[in-house]
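Biologist: I would like to learn how to read cavities, pockets and domains in a model. Please take them one at a time.

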Amino acid sequence: MTDRTSVMRIQAGYLPGLRDEDVQWHPLHFAHNGQQLEVLVPALTAAQMQALARHVRAAADASLRSMPVAEIIDAIDRAMARLLHRSDPYRQQAEAWLPVVSGYDADMVRLGLTGFFKTFRAPQLRRFVAEDFANPAVLDGFQPTAKGGAVRAFGPNLLVHGWAGNVPALSLWSLVCSLLVKAPSIGKLASAEPLFAGWFARLLAEVHPPLADCLAVVWWSGAGGQEADALYAEADTVLAYGSNHTLDALRQRLPVTTRFLPHGHKLGFGMVASHALDTLKAPAMARLAAWDVMRYDQQGCYSPHVFYVERGAAVSPRVFADYLAAELANLQRRFARRELELEEGTAVARWQQGVEWSGQGELLGPVDAPWSVAYHDTLQPLTPTALYRTIAVVAVDRLDDVIPVVAAQRDFLQTAGLATSPEELYRLAGLLGAAGVTRISAIGSMSMPEAGWHHDGRFNLLDLVRMTEIEQSAEIAAQPLALYAD
């Protein structure tokens with residue numbers, strides 16, 4: 001990194017096997033709170049992309065494929081220990097520059113990174129692997145099966161990641177998954193957050209050099225052209241995040257034999273039962289709900305858009321909405337919402353006008369505040385807000401009334417935050433699961449998924465591997481051919 005005048009310059013990406021001087025570097029410009037940053041991202045040719053893919057694959061064949069999963073977990077854990085230490089140079093870079101490229105409040109980013117990195121320590125990673133594999137040893141070699149014979153899991157020949165840039169360091173999730181299944185991988189940076197993936201690749205190479213050439217981090221503009229097609233042609237698995245339109249376009253350009261794992265836009269919501277709304281519990285519940293709204297300004301697929309609040313308690317849904325508005329105002333003083341682009345601000349204003357003009361809702365607080373709570377006294381459909389700390393509170397007579405409303409959005413459901421009794425938790429969870437919800441969390445934890453959660457209801461690791469079975473018939477047939485059989 002070099003400082004030229006008042007502009008900081010950082011070279012992003014990670015290209016093992018390629019020389020920097022042979023690569024064309026494209027500048028991306030960012031500015032935030034008076035800081036200027038120029039990020040140089042690699043713009044590879046189709047031939048360079050093909051060479052990089054083959055280099056990464058060969059390196060994985062030489063080291064990663066035969067590396068025990070325990071050794072991989074240890075390497076990731078050591079990298080996470082570095083990232084959790086605020087005096088580490090990589091952590092300091094993340095705290096200094098991720099707020100600049102994302103526009104998020106620096107303290108929000110700092111706390112968010114710490115919470116995120118903690119989910120990738122060794123104990124959590126072991127649980128992560130055990131969540132998908134009853135016997136994690138199948139990742140290291142053939143293991144006996146109950147029906148006879150043996151089975152082993154093999155990761156992709158080359159995994160390509162397409163990352164979104166709405167949440168800082170989001171790339172870490174899929175990179176860790178690829179490492180755990182021993183897959184060589186190449187990730188495509190998001191222009192909105194082009195920094196963290198390259199930092200993580202370099203850090204991993206430092207803490208465990210055998211992994212240095214087993215992954216790469218690249219970039220191309222928009223959907224890409226021949227360079228993107230060259231990489232997709234080398235991959236047998238593509239994992240991508242983005243809008244449903246973007247994912248559909250990507251699906252159509254992949255070879256039919258390529259496994260495609262898309263993660264598109266989702267709708268989150270919360271449900272608050274009446275017994276969570278006495279005069280002691282309700283303010284605390286509103287505080288937790290406000291944190292879910294505030295974190296990364298609802299940019300995560302797990303963020304809430306609506307809270308359905310049950311009537312019949314000492315604290316009414318309308319008063320709960322007031323509590324929520326007050327908590328969002330408090331959080332704004334601590335973690336200021338990032339400055340909105342013109343299009344984003346227009347979307348917020350349009351959402352506010354829609355609430356007011358519908359005649360069915362009421363906006364709480366100043367219309368120009370950097371947060372917005374809409375209160376509805378009648379049951380409303382689950383629809384997206386304008387994000388950026390805009391949230392709806394909807395009063396309902398019974399939480400059961402919400403089920404058919406959210407079921408209408410089955411294709412977009414993911415996270416539901418619940419505040420209810422233990423007995424009601426499991427009953428409502430059954431109804432929500434049948435309606436299409438794939439993750440149920442506490443309110444306050446909606447935007448902080450646990451390690452190993454089933455993203456969009458799927459398996460993070462199992463979806464990446466193919467299973468090779470040795471049938472019992474092969475074992476039996478091999479016995480007479482043993483050297484000791486004569």
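Biologist: Which residues line the largest cavity?

Modeller: First, note that this is a predicted model. A cavity is a space where a probe fits but cannot get out. Here the lining of the largest cavity consists of Trp 163, Ala 164, Gly 165, Val 167, Ala 169, Leu 170, Ser 171, Leu 189, Ala 190, Glu 193 and Ala 197. By class, that lining holds 8 nonpolar, 2 polar and 1 charged residues.

Biologist: How many cavities of 30 Å³ or more does a search of the whole structure find, and how much space lies in the largest cavity?

Modeller: The search returns 1 cavity of 30 Å³ or more. The space in the largest cavity is about 50 Å³.

Biologist: Now the second largest pocket. How much space lies in it, and which residues are the closest to its centre?

Modeller: A pocket, unlike a cavity, is an open set of points. The second largest pocket has about 390 Å³ of space. It is lined by 25 residues, and the closest to its centre are Leu 261, Pro 262, His 263, Asp 456 and Arg 458. Two or more lining residues come from each of α6 (171-180), β10 (237-241), α9 (244-253) and β11 (259-263). The largest share, 4 residues, is from α9. Sorted by class, the lining of this pocket has 10 nonpolar, 8 polar and 7 charged residues.

Biologist: Why is the second largest pocket said to lie between domain 1 and domain 2?

Modeller: Start with the domain assignment, which gives domain 1 as 8-264 + 457-468 and domain 2 as 267-451. Both domains give residues to the lining of the second largest pocket, so the pocket lies between them.

Biologist: What separates the centres of the two domains, and how many residues are in contact?

Modeller: Taken over C-alpha atoms, the centres of domain 1 and domain 2 are 32 Å apart. In the contact between them, 19 residues of domain 1 meet 18 residues of domain 2.

Biologist: Last, a single residue. Is Glu 234 buried or exposed, and what does its side chain make a polar contact with?

Modeller: A residue counts as buried when its relative accessible area is under 20%. Glu 234 has 14%, so it is buried. This residue belongs to helix α8 (residues 226-234). Its side chain makes a polar contact with the side chain of Arg 57, at 2.7 Å. Leaving out residues up to four places away in sequence, Glu 234 touches Gln 50, Ala 53, Arg 54, Arg 57 and Leu 158.

Key
Residues are numbered from 1 along each chain as its sequence is written. This is a predicted model: local features need pLDDT of at least 70, side-chain atom pairs count only at pLDDT 80 or more; totals for chains, interfaces and linings use all residues. Side-chain values use heavy atoms; hydrogens and water are left out. Buried means under 20% relative accessible area, exposed over 50%, partly exposed in between (1.4 Å probe, protein chains only). A polar contact is a pair of N or O atoms within 3.5 Å; within protein, one must be able to donate a hydrogen and the other to accept it, and residues adjacent in sequence count only if both atoms are side-chain atoms. Contact means heavy atoms within 4.5 Å. On a 1 Å grid over the protein atoms alone, a cavity is a set of points where a 1.4 Å probe fits but cannot get out, and a pocket is an open set with protein on both sides within 12 Å along at least five of seven lines; lining residues have an atom within 4 Å of a point. Grid points are joined across faces, edges and corners, and a volume is the space filled by probe spheres set on the points. Ala, Val, Leu, Ile, Met, Phe, Trp, Tyr, Cys and Pro count as nonpolar, Asp, Glu, Lys and Arg as charged, and the others, Gly among them, as polar. Domain bounds come from an automatic or database domain assignment.
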